[in-house]
Amino acid sequence: MGDFKDIMTDAIIDSQDGHNAIAGQLLKDERVFTAMMGMLARQVYRAFGKQETRPSQ
């Protein structure tokens, strides 16, 4: 069981490292970074809008 766990752990860590490397490269491009920040701002705005429409408890 230990070998399987080690192999799976290594595979997960490797895929996370790959994901982080790709994300790092994308964020170096100002256009991608700006678009991602815009998406984040819209999500925050929507979350606050939903929170205001909820009845007080």
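**Reading surface features in a predicted model**

Student: In which helix is F48 found?

Tutor: F48 belongs to helix α2. Please keep in mind that this is a predicted model.

Student: What percentage of the 57 residues is buried?

Tutor: A residue is called buried when its relative accessible area is under 20%. By that cut-off, 0% of the 57 residues in the protein are buried. The accessible surface comes to about 5600 Å², and carbon and sulfur atoms account for 61% of that area.

Student: Is F48 exposed or partly exposed?

Tutor: The partly exposed class lies between the buried limit of 20% and the exposed limit of 50%. F48 is partly exposed because its relative accessibility is 48%.

Student: Which residues make the nonpolar surface patch?

Tutor: F48 is one of its members, together with L27, F33, M36, M37, M39, L40 and V44. The patch has an area of about 700 Å². Helix α2 makes the greatest contribution to this patch, with seven residues.

Student: Which residues form the negative surface patch?

Tutor: The negative patch consists of D3, D6, D10, D14 and D17. Among them, D6 lies in helix α1. D6 has 45% relative accessibility and therefore counts as partly exposed.

Student: Are D29 and R31 exposed or partly exposed?

Tutor: D29 is partly exposed because its relative accessibility is 26%. R31 has a relative accessible area of 66%, so R31 is exposed.

Definitions and conventions
Residues numbered from 1 in each chain as written. Predicted model: local features only at pLDDT ≥ 70, side-chain atom pairs only at ≥ 80, totals over all residues. Heavy atoms only, no water. Buried < 20%, exposed > 50% of the residue type's maximum accessible area, 1.4 Å probe, protein only. Areas by Shrake-Rupley, 256 points an atom, 1.4 Å probe, with all protein chains shown as cover. Patch = residues over 30% accessible without salt bridge, like charges linked within 9 Å, V, L, I, M, F, W, Y side chains within 5 Å. Salt bridge = Lys/Arg side-chain N within 4 Å of Asp/Glu carboxyl O. Helix = DSSP H or I, 4+ residues; strand = E, 2+ residues; numbered from the N terminus. Lys, Arg positive; Asp, Glu negative; His and termini not counted. Charge placed at Lys NZ, Arg CZ, Asp CG, Glu CD.
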